[in-house]
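Good morning. I will go through one structure, starting with a single side chain and moving on to how side chains pair up. Please have a look at it first.

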Amino acid sequence: MNSKEAKLEAFSQLLNIMDDLREKCPWDKKQTFETLRPLTLEEVYELSDALLEENLEEIKKELGDVLLHLVFYAKIGSEKGGFDIADVIHSLNQKLIFRHPHIYGDVEVSSEEEVKENWEKLKLKEGNRSVLAGVSKGTPSLVKAFRIQEKVKGVGFEFDASKDAWEKVKEELSEFEKEEDPKKKEGELGDVLFSLVNYARMEGMNPDTALERTNHKFISRFKQMEKLAEGKGKALFEMSHSEMDLLWEEAKKSEY
């Protein structure tokens with residue numbers, strides 16, 4: 001691993017490169033907060049894929065892409081006279097020190113849960129009017145539900161045990177099954193999903209990660225089905241449901 005001096009030198013070089021790109025590259029010169037935003041989201045999702053695959057080489061590459069965007073935003077901020085990368089880092093350092101009094105102060109904690117509870121209480125002291133103030137409106141719904149539940153847990157709003165959360169899932173599912181009005185049924189479906197997220201969280205599972213792994217698994221199996229169908233000289237849309245079911249089972253077996 002590189003020394004601290006080597007890491008600082010690499011970061012300094014990145015800042016110099018950013019200065020050069022902003023001054024000399026036609027594309028980089030035109031970028032704004034708004035134009036970079038969708039590109040940043042794309043890069044973060046690509047990093048997310050690499051993290052799920054635990055591909056260290058890809059994680060390294062995607063982290064670099066995300067880091068470039070962070071430096072880019074700081075560069076634009078400095079041009080607007082608002083802040084530069086040092087301001088960003090100083091602000092972060094101060095926040096981390098303030099929110100970790102068990103490291104930089106005299107507060108004692110005995111578990112990860114106490115750290116999380118202190119974190120939410122300290123955020124309120126910083127001026128947040130609500131425990132949920134830090135939940136971004138643009139966060140995907142599944143992730144948002146998880147974060148909402150994590151945050152309210154920090155102030156004690158939580159089921160006593162995961163079995164209680166599972167009873168809530170069954171209660172919401174029953175209400176969903178009984179509801180006949182389409183609009184109200186959609187609302188009940190939302191309640192089912194929210195309660196499922198809560199149960200998964202209490203069981204130590206991340207529902208977003210679980211669903212994404214299932215997405216990857218489904219894509220892999222479906223592509224295998226397409227190959228198997230092609231091997232039989234057919235396209236999937238030409239096959240019956242029973243024929244496709246057989247291909248699905250064959251695709252599942254090929255994973256082992």
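**Side-chain contacts in one model**

Let me start with Arg147, which counts as partly exposed, because its relative accessibility is 31%. The cut-offs here are these: buried means under 20% relative accessible area, exposed means over 50%, and partly exposed is in between, with a 1.4 Å probe and protein chains only.

Before going further, some ground rules. This is a predicted model, in which local features need pLDDT of at least 70 and side-chain atom pairs count only at pLDDT 80 or more, while totals for chains, interfaces and linings use all residues. Residues are numbered from 1 along each chain as its sequence is written, and side-chain values use heavy atoms, with hydrogens and water left out.

Back to Arg147. What does the side chain of Arg147 meet in a salt bridge? The partner is Glu150, at 2.6 Å from N to O. A salt bridge is a side-chain nitrogen of Lys or Arg within 4 Å of a carboxyl oxygen of Asp or Glu. Both residues lie in helix α8, residues 141–153, and they are three residues apart, about one turn of the helix. Helices are DSSP runs (H or I, at least four residues), numbered from the N terminus. Glu150 is partly exposed too, at a relative accessible area of 24%.

How many salt bridges does a search of the whole structure find? The count is 13. One of them joins Arg22 and Glu79, at 2.9 Å from N to O. Arg22 is in helix α1 (residues 4–24) and Glu79 is in helix α4, so this pair ties together parts that are 57 residues apart in sequence. Is Arg22 buried or exposed? With 12% relative accessibility, Arg22 counts as buried, whereas Glu79, at 43%, counts as partly exposed.

Another salt bridge is between Asp164 and Lys163, at 3.6 Å from N to O. Asp164 is partly exposed, with a relative accessible area of 25%, and Lys163 is exposed, at 58%. There is also a network: Lys61, Glu62 and Asp65 are joined by salt bridges that share partners.

Now the aromatic rings. The whole structure holds four aromatic pairs. Rings of Phe, Tyr and Trp (its six-membered ring) pair if their centres lie within 6.5 Å; planes under 30 degrees apart count as stacked, over 60 as edge-to-face and the rest as tilted. Phe33 and Tyr73 make a tilted pair, 6.0 Å centre to centre with 40° between the planes. Phe33 belongs to helix α3 (residues 33–53) and Tyr73 to helix α4 (residues 56–79), so the pair ties together parts that are 40 residues apart in sequence. Phe33 is partly exposed, with 32% relative accessible area, while Tyr73 counts as buried, at 19%.

Trp166 and Tyr199 are also a tilted pair, with 4.9 Å between centres and 50° between planes. This pair links distant parts of the chain, with Trp166 in helix α9 (residues 162–178), Tyr199 in helix α10 (residues 182–202), and 33 residues separating them. Trp166 is partly exposed, at 37%. Elsewhere, Phe218, Phe222 and Trp248 form one aromatic cluster.

I will finish with helix α5, residues 85–98. Its 14 residues should span 20 Å at 1.5 Å a residue, and its end C-alpha atoms are 20 Å apart, which agrees. The expected span is 1.5 Å times one less than the number of residues.

Notes:
Helix = DSSP H or I, 4+ residues; strand = E, 2+ residues; numbered from the N terminus.
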